[in-house]
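In these entries I record what I looked up in one structure. I begin with the conventions and then take the elements in turn.

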Amino acid sequence: MVQFNLPENSKVLKGSYFKDKTGSESIKKVNIYRWNPDKNENPKIDTFEVDLTKCGNKVLDILNKIKNEIDPSLTYRRSCAHGVCGSCAMNVDGVNTLSCMKSHKDINGDINIYPLPHLKVIKDLVADLSTLYRQYESIEPWLKTKEKKSQTVEINQTKKNRKKLDGLYECIMCACCSTSCPSYWWNGEKYLGPAVLLQAYRWIVDSRDEERKERLKMVGDKLKLYRCHTIMNCTNSCPKGLNPAKAISSLKKMLATN
Ligand code: SF4
Ligand code: SF4
Ligand code: FES
C-alpha cells in the first residue's frame, strides 16, 4: 500500500499555552492555528484560556479579546462584524463560517479555529483568496448592455424579474462554500467553484443584462462548471443560508435546454 507522509515542515505542532491571569471561573480554551511566514518554523496550534465574563458572544469577539489583551500578533481578517463584508470567514469547530456571526455559546468544550481549508495560508487565520478573486473577475460581475445605455438611463426591472435575484444578490463572497467543496479543493485552478458560479448565475438571470448567451457560453465548460458533482457541502456551509448548489444545477439546466 502506498503511504503518504507530510513534508516535515508542514506538520502542525503543539504551540504555546497562554494561561488565564484573571482567576475567572468562566474560562474557555481556544485552540488557534498559527503560522508566520517570517519565521522558519512549522505551523502550530496555540492555546488561549479566555475569560468569557468580559467577552461578547461571537467567535470574533474572542479573537479580538485575544489580540487586544493576550497576543497582539494574532492575525485574521475582519471588518464589518455584522455578516456583511465576508472578510472574517474561517473554519470554526470544523465548519467554515463567519466568525462574527458564529456564537461561541453554541460550542461545547474547546473551540478550534483554523483558516479556510485547502488554500495557501498567508499568516495565521488569513488564507490566500487571490485565485478565487481572479475567477470572480473572469465572470465579469457587472451589468452589461449593448448600447452603453446603463450609463445614461435608469434600467427598470419588473418586480417579478427583480425577485429572480433573491437568494443570489445576498452573497457576500466569503468563500465558505468554495472552500468546503471537495471538487474545488482538487481542481481549484480550473473549476470555478460554488461562490463564483452562484455569482455567474446571478448575472445570467438578471433581466437587465444583455449578454446572457455569452455568459452562459463562458461558464458552460467541463472544467469550469461540470466539475460540480452535487455533493452539496457548499449549500450546507453558507452562513447566509444561500443555495449555491441549486444555482449550479440551474446553470446546467439552462445550458441543456438553450
Ligand atoms: S454563497 Fe454563501 S458561502 Fe458562498 S460565498 Fe456567497 S455568502 Fe459565502
Ligand atoms: S454541490 Fe457542487 S459546488 Fe457544491 S460542494 Fe458539491 S461539488 Fe462543490
Ligand atoms: S467581519 Fe464582516 S462578515 Fe464578519
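The entries below cover the sheet, a pair of helices and the ligand.

Entry 1, conventions. I noted that this is a predicted model, in which local features need pLDDT of at least 70 and side-chain atom pairs count only at pLDDT 80 or more, while totals for chains, interfaces and linings use all residues. Residues are numbered from 1 along each chain as its sequence is written, chains are lettered from A and ligands numbered from 1 in the order in which they are written, and side-chain values use heavy atoms, without hydrogens and water.

I found an open sheet of 6 strands in the order 1-3-2-6-4-5, with mixed pairing. Strands (E, at least two residues) and helices (H or I, at least four) are DSSP runs, numbered from the N terminus, and two strands pair if DSSP finds at least two bridges between them. Strand 1 (13-18) and strand 5 (95-98) each have a single partner strand, so one side of each lacks a neighbour in the sheet.

I looked up strand 4 (residues 89-92) and strand 6 (residues 111-114), which pair in the antiparallel sense over 2 bridges. Asn91 has Tyr114 of strand 6 as its bridge partner.

I listed the residues around ligand 1, among them Cys171, Cys174, Ala195 and Lys240; a residue is near a molecule if one of its heavy atoms lies within 4 Å of it.

I read that the crossing of helix 5 and helix 8 is left-handed, meaning that the near helix is turned anticlockwise from the far one by less than a right angle (right-handed if clockwise).
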